[in-house]
Amino acid sequence: MHVAMIGTGYVGLVSGACFADFGHIVTCIDKDASKIERLRAGGIPIYEPGLDKLVADNVRAGRLFFDTDPAEAVRTADAVFIAVGTPSRRGDGHADLSYVYAAAEEIAGLVDGFTVVVTKSTVPVGTGDEIDAIIKRVRPDADVAVVSNPEFLREGAAIEDFKRPDRVVVGAHDPRAEAVMRELYRPLFLNETPILFTGRRTSELIKYAANAFLALKITFINEIANLCEAVGADVQQVARGIGLDNRIGGKFLHAGPGYGGSCFPKDTLALVRTARDAGTPVELIETTVKVNDARKKAMSRKVIGAINGKDLTGKTVGVLGLTFKPNTDDMRDAPSLDIVPALQAAGAQVQAFDPEAHEARQMLPDVAFKNDPYAVAQGADALVIITEWDQFRALDLDRIKPLMNKPVLIDLRNIYKPDDVRASGFAYTGIGRG
Ligand code: UDX
């Protein structure tokens with residue numbers, strides 16, 4: 001199959017490279033000429049484990065191409081994927097669909113022969129209908145089927161999630177389109193991955209419902225963690241105790257500083273807006289959004305409380321991890337963006353290390369960036385783990401202790417055993433370990 005991928009951001013590049021690896025001929029297209037130039041020269045604009053090799057292998061095999069001009073790739077494509085951004089619109093929280101609609105218009109002018117137009121971007125219910133209408137308006141003669149095929153890729157594990165998904169969801173109304181989608185994902189069905197064919201609106205909603213449910217699950221365990229602190233229980237054991245019930249499941253029950261990233265905050269907000277507009281508010285998700293926002297702010301109070309309870313003037317706080325989660329360079333809606341400025345506002349000097357958060361240097365002014373965890377510990381009155389990068393899981397506490405002004409460890413990801421840390425002479429604060 002021939003595939004044109006419009007938008008070479010995170011989702012577009014990972015999906016394009018994976019489709020090429022399945023044996024299809026893929027052209028990834030982006031308006032950003034410098035990005036395309038960089039990819040052509042073998043560079044990768046994002047950090048995602050395994051992506052550099054996957055891209056290089058498929059470029060070498062003659063299956064993966066990059067272009068700023070969509071004309072040729074769209075003309076010859078069996079499927080054109082729209083994988084452009086859908087950021088939250090400023091002011092109202094709705095998904096901003098201007099890039100999606102602009103892509104639809106451009107595609108309409110270029111298609112030739114039967115073509116499946118697939119939305120990979122996360123788009124509100126009804127967007128497929130709108131894309132269909134745009135294409136029919138621009139090119140009444142176009143033989144096009146518009147399909148929804150949401151992605152469920154976790155950053156840091158995106159290639160694995162693409163190649164070994166729990167399921168593939170396809171919202172289509174046209175049997176010819178279903179056949180193309182089946183062919184595109186054929187290697188997965190050989191592994192018996194379930195493929196769910198639904199209506200287009202249903203497929204669009206599945207994506208939002210899945211992300212909202214996961215955000216809800218995290219927020220639930222975070223509130224239980226607060227309760228654990230108040231009543232002297234351990235959230236890790238509560239999570240395990242409930243997660244072993246198959247009806248609940250053990251995943252996404254890890255209490256922490258609140259969810260962030262490019263999807264959950266934006267998609268929960270968009271679902272709230274869609275539901276309100278439809279006159280059927282999803283109050284559970286409205287509350288989830290509110291509770292999570294408040295939690296990210298509350299984390300700085302927790303840190304301040306663990307240090308001395310009030311003013312941090314003259315104190316130095318060492319921060320380990322700034323990205324919204326490990327194995328990504330993504331800073332979008334990261335808890336660190338709430339926590340670090342609040343510590344500074346309380347008077348602290350903040351010194352930090354993150355292996356990939358290059359953008360943090362612009363986003364977090366007045367932070368002293370260090371090159372490793374031990375440099376962060378130097379002279380610090382407390383060490384705060386905000387992101388659970390693997391390299392923070394086995395720090396040499398005996399080496400760290402004499403470096404610090406005061407041995408205080410605040411572990412917002414519960415990656416240490418409290419007793420072990422205390423045995424090394426530290427004061428320890430975790431999440432929900434009452
Ligand atoms: C998510 C979805 O998992 C993916 O299916 C979707 O398509 C895109 O959004 P991603 O944002 O990359 O993926 O990361 P994910 O691993 O889901 O984590 C999201 C946030 O939740 C992170 O801030 C993470 O730290 C937090 N989280 C996750 C928890 O606090 N506890 C958990 O148990 C799991």
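User: How are helix 13 and helix 14 oriented to each other?
Analyst: Helix 13 and helix 14 are oblique to each other, a word used for angles that are not under 35 degrees (roughly parallel), over 145 (roughly antiparallel) or 65 to 115 (roughly perpendicular). The axes of helix 13, residues 283-307, and helix 14, residues 336-345, cross at roughly 45° and come within 8 Å. Axes here are lines fitted to C-alpha atoms, for helices over the stretch in contact, with angles from 0 to 180 degrees between N-to-C directions. Helices (H or I, at least four residues) and strands (E, at least two) are DSSP runs, numbered from the N terminus.

User: What kind of model is it, and how are residues numbered?
Analyst: This is a predicted model, in which local features need pLDDT of at least 70 and side-chain atom pairs count only at pLDDT 80 or more, while totals for chains, interfaces and linings use all residues. Residues are numbered from 1 along each chain as its sequence is written.

User: Which residues make the contact between those two helices?
Analyst: Helix 13 contributes Lys296, Lys297, Met299, Ser300 and Val303, and helix 14 contributes Asp338, Ile339, Ala342 and Leu343, where contact requires C-beta atoms, placed from the backbone, within 7 Å.

User: Changing topic, which residues does the UniProt "binding site" annotation cover?
Analyst: According to the unreviewed UniProt entry, the annotation covers Asp30, Lys35, Thr86, Thr122, Glu155, Lys266 and Arg332; positions are given in the numbering used here, feature names are shortened, and annotations may be inferred rather than shown by experiment. They span 303 residues in sequence, and the farthest two C-alpha atoms are 24.6 Å apart, so they do not all gather at one spot.

User: Is Lys266 buried or exposed?
Analyst: Lys266 is buried, because 21 other C-beta atoms lie within 10 Å (buried means 20 or more such atoms, exposed 12 or fewer, and partly exposed in between, with C-beta atoms placed from the backbone). Lys266 sits in helix 12, residues 264-277, and, not counting residues up to four places away in sequence, touches Pro87 and Ser88.

User: And where does Arg332 lie?
Analyst: Arg332 is in the loop between strand 9 (316-320) and helix 14, and with 18 other C-beta atoms within 10 Å it is partly exposed. Leaving aside neighbours within four places in sequence, Arg332 is in contact with Gly260, Gly261, Ser262 and Phe324.

User: Back to helix 13, what about Glu283?
Analyst: Glu283, which lies in helix 13, is exposed, with 10 other C-beta atoms within 10 Å.
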